[in-house]
Amino acid sequence: MALSDIKSDYTVERIYVRRLSFEPGDVPALFELKWKPQIKLEIEVSHRELTESRFEVVMKLHLNAELGSRPACKIDVEQAGIFVVPNNKSRNQILTVECPSLLFPYAREAIDSVAIKGTFPAFAVAPVDLQNLIQQAIHQRQLDLSHSKPSDEVIN
């Protein structure tokens with residue numbers, strides 16, 4: 001299925017920030033340090049049905065920046081959208097990959113905007129291949145399940 005085929009199968013009603021938090025580290029002492037942070041970014045994606053064909057899709061980004069062993073800042077953003085997605089064979093793909101991919105640039109902008117308002121440089125979070133990340137997560141979950149043993153199994 002071509003990407004262009006999928007995109008025509010849903011509409012966007014609204015895109016919004018559902019939650020945004022910014023926690024700076026030890027300021028103003030941090031401003032005296034050379035800005036070369038180590039960045040850890042975690043992404044969570046979820047969706048919930050509002051009506052038969054309307055869904056809220058939420059992308060959570062958790063950014064932690066450290067300067068050496070010192071916390072520089074934490075930024076959490078929940079970027080959300082309401083999407084109308086008809087019931088068809090590509091619905092799951094649209095809700096788990098296409099809608100979050102559409103939300104990601106908005107979440108990146110929210111992170112940079114709040115960082116700049118805290119007088120930190122923009123983080124310019126790199127684009128993410130959500131399709132690949134989701135496939136890796138599914139594969140890892142399958143590996144974890146295949147390696148787990150039932151609790152009633154007797155090991156000799």
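Analyst: Two strands are said to pair if DSSP finds at least two bridges between them. Please note that this is a predicted model.

User: Which residue is the bridge partner of Ser46 in β3?
Analyst: Ser46 is bridged to Val58 of β3. The strands concerned are β2, residues 38-49, and β3, which run antiparallel to each other over 12 bridges. A hairpin of 4 residues connects β2 to β3.

User: And what pattern does the chain follow along the sequence?
Analyst: The order is α-β-β-β-β-α-α, made up of 3 helices and 4 strands.

User: Turning to the largest nonpolar core, which residues touch the most other members?
Analyst: They are Leu61, Leu63, Ile75, Phe83, Val85, Ile111 and Phe123, in a core of 29 residues.

User: Which elements give two or more residues to this core?
Analyst: Those elements are β3 (54-67), β4 (70-84) and α2 (91-117). The greatest contribution is from α2, with 10 residues.

User: What is Leu63 in contact with, leaving aside neighbours within four places in sequence?
Analyst: Leu63 contacts Ile39, Lys40, Leu41, Cys73, Lys74, Ile75, Asp76, Ile111, Phe123 and Val125.

User: How much of the chain is buried, and what about its surface?
Analyst: Of its 156 residues, 30% count as buried. The accessible surface is about 9900 Å², and carbon and sulfur atoms account for 51% of that area.

User: Finally, what share of the contacts with a separation of 6 or more joins residues 24 or more positions apart?
Analyst: Such pairs make up 70% of those contacts.

Conventions. Residues numbered from 1 in each chain as written. Predicted model: local features only at pLDDT ≥ 70, side-chain atom pairs only at ≥ 80, totals over all residues. Heavy atoms only, no water. Core = buried A, V, L, I, M, F, W, Y, C linked by side-chain atoms within 4.5 Å. Buried < 20%, exposed > 50% of the residue type's maximum accessible area, 1.4 Å probe, protein only. Contact = heavy atoms within 4.5 Å. Areas by Shrake-Rupley, 256 points an atom, 1.4 Å probe, with all protein chains shown as cover.
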